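Good morning, everyone. Please have a look at the structure on the screen, and I will walk you through a few parts of it.

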Number of protein chains: 4
Amino acid sequence: VVTLTFQPEDPNFEERVTSSFHRQKLMETIGAALTRVAPGEVEIEVPFSDQLTQQHGYLHAGIVTAIADSACGYASLSLSPAGEEVLTVEYKVNFLAPARGARLIARGHVIRRGRTITVCEGEVIAVGGAAEVRVAKMQATMIRSNAQGRAK
Amino acid sequence: VVTLTFQPEDPNFEERVTSSFHRQKLMETIGAALTRVAPGEVEIEVPFSDQLTQQHGYLHAGIVTAIADSACGYASLSLSPAGEEVLTVEYKVNFLAPARGARLIARGHVIRRGRTITVCEGEVIAVGGAAEVRVAKMQATMIRSNAQGRAK
Amino acid sequence: VVTLTFQPEDPNFEERVTSSFHRQKLMETIGAALTRVAPGEVEIEVPFSDQLTQQHGYLHAGIVTAIADSACGYASLSLSPAGEEVLTVEYKVNFLAPARGARLIARGHVIRRGRTITVCEGEVIAVGGAAEVRVAKMQATMIRSNAQGRAK
Amino acid sequence: VVTLTFQPEDPNFEERVTSSFHRQKLMETIGAALTRVAPGEVEIEVPFSDQLTQQHGYLHAGIVTAIADSACGYASLSLSPAGEEVLTVEYKVNFLAPARGARLIARGHVIRRGRTITVCEGEVIAVGGAAEVRVAKMQATMIRSNAQGRAK
């Protein structure tokens, strides 16, 4: 297991991530909270809600993906210079177990920091049921952008 | 370009897809509608809503993904025998343009129908802006399951 | 079905693609040939060889992937300015059928051409068996690089 | 970091993995060796060879992918019952650095073991250069099959 430690370029990274998170209205709509911001690592939680389910009553894959994507994107943003933003180029998600329980925790971390492209891993854990269960695993590619959301 | 035509195993496939779609509460929450069900092909629309946006005011990648996933899953379900369901094993999505406009249309279709695994492609188009723009492309793997959502 | 037509930036794109292909020693090692170069579209063929098989005697997924990757990368390169190169950021491949037959044909084409990132689709067809069979489908992300292979 | 330990179903798993590996003629062709087989974890090494390169003289993405795929597939096979085989449904690979150095080591391990579907992660490390460098990260989906390579 390789564990990477990153030095942020912008000392105000936490404030910048938090502020951007609060501009994502979807996160508010689904009741998500930003629960951890560290250099290259971000955690987001969402409570279970009946309004976000698929046909079997589990949280919809799109919601699981939304919080994993935001966690990975903000993990990447935590390492960018002030004044920049991050866009999602693509991601791939495997679904490992039904997304049920009291809440979901998405954790994203950077595995490769590049000048243009940052690669992240994310996972989503369901807690508050019988046991903690990993419900999804993401591998994502992010690109640095200017403040208007235009990719480098 | 290979175009595949599929023979459904269940003549009531349309009713079955429609009924399952209406059990996905997330689809109702985001205002999505099932606009086309054909053997191996499904279309879902969602109107733009400020409540579903990311930090630049575009629809969040998780919402784009949610409708593409449901379109692919139901494209697969349209070909399954009566009494079965479909689960998402995994997907990969590339984001091609910002998800803005009056509404998004997700189209999913089956590219390989197997005994256990079905492979689908999906795309999401933004309409009602300056022009129709393809905003995302999905490649997804689905698995047949029993009625309780247990994979084969 | 959206069909895109692209205008190459470099009129010598075909020569540039061909010359780069011939520097890929793996292509020579496996006997691959570049059979078509058009703006945004490239085709590569490889004959079946017992030396490239997996445990059931089919062509190994890595070989199927290698020609699909090169086809997608060169589809992207066909649209880049003179003096640039292309690197693979990532790809995802679904395997649809066993890779057997007299030869495989990989086709790659660009589905989104950006200033930095190009997104491609690829497929691999097995021919010369009972029928043409699509054995794999790729979705790939490429990045423009300078001549030394350093990403933009 | 979640570390999983698995109990193999077949006590002869190592012999079974080794025997299958030696039937993959591609592995012999590229000079790959099986260097570790544990329950749910497999390691494969390949020496650098000029015959396997892309246009910049690095190992081709297809070769990096081939050993990561075999490592993941055999990690999955190490946990299957006697008499079964494993097929690759799909994988996604991010390329993190140029594949150069004296040799590459691919490590695959299982992150979710299911009745039908097994999900694996793989990484490829380049060694023998200035430093160990992670060159690729794979997320892969495998399916159990019968001895003739027919998926469950």
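A nonpolar core is a set of buried Ala, Val, Leu, Ile, Met, Phe, Trp, Tyr and Cys residues joined through side-chain atoms within 4.5 Å. Keep that in mind. One caution, too: this is a predicted model.

Let's start inside. How many residues does the largest nonpolar core have? It has 85. The residues with the most contacts inside it are A:Ile67, A:Leu104, B:Ile67 and B:Leu104. Take B:Ile67.

Next, a helix. Helix H3 of chain B runs over residues 61-77, which makes 17 residues. From its first C-alpha to its last it reaches 24 Å, close to the 24 Å expected at 1.5 Å a residue. Is H3(B) enclosed or open? Of its 17 residues, 17 are buried, so the rest of the structure largely encloses it.

Now the cysteines. A disulfide is a covalent bond between the sulfur atoms of two cysteines. How many disulfides does a search of the whole structure find? The count is 0, over all chains. Look at B:Cys72. Its closest cysteine sulfur is in B:Cys120, 4.9 Å away, and that is too far for a bond. The cut-off for a disulfide is 2.5 Å. B:Cys72 is buried, with a relative accessible area of 0%. B:Cys120 is buried as well, at 0% relative accessibility.

On to symmetry. Two copies of a chain are related by a rotation about an axis and a shift along it. Here, a rotation of 180° with 0.0 Å of shift superposes chain A on chain B, with an RMSD of 0.0 Å. The two copies are therefore related as by a two-fold rotation axis. Which residue of chain A comes closest to that axis? A:Lys92 does, with its C-alpha at 2.0 Å. Both copies use the same surface: 100% of the contact residues of chain A recur in chain B.

Last, chains C and D. Their contact takes 37 residues from chain D and 37 residues from chain C. The area buried between them is about 2,900 Å². Carbon and sulfur atoms give 50% of that. On the chain D side, D:Gln55, D:His60 and D:Tyr91 lose the most area to chain C. Together they make up 22% of what that side buries.

Notes: Residues are numbered from 1 along each chain as its sequence is written. Chains are lettered from A and ligands numbered from 1 in the order in which they are written. This is a predicted model: local features need pLDDT of at least 70, side-chain atom pairs count only at pLDDT 80 or more; totals for chains, interfaces and linings use all residues. Side-chain values use heavy atoms; hydrogens and water are left out. Copies are superposed by least squares on the C-alpha atoms of residues with pLDDT of at least 70 in both. Contact means heavy atoms within 4.5 Å. Helices (H or I, at least four residues) and strands (E, at least two) are DSSP runs, numbered from the N terminus. The expected span of a helix is 1.5 Å times one less than its number of residues. Buried means under 20% relative accessible area, exposed over 50%, partly exposed in between (1.4 Å probe, protein chains only). Buried area is the accessible area (1.4 Å probe) that two parts lose on being put together, summed over both.
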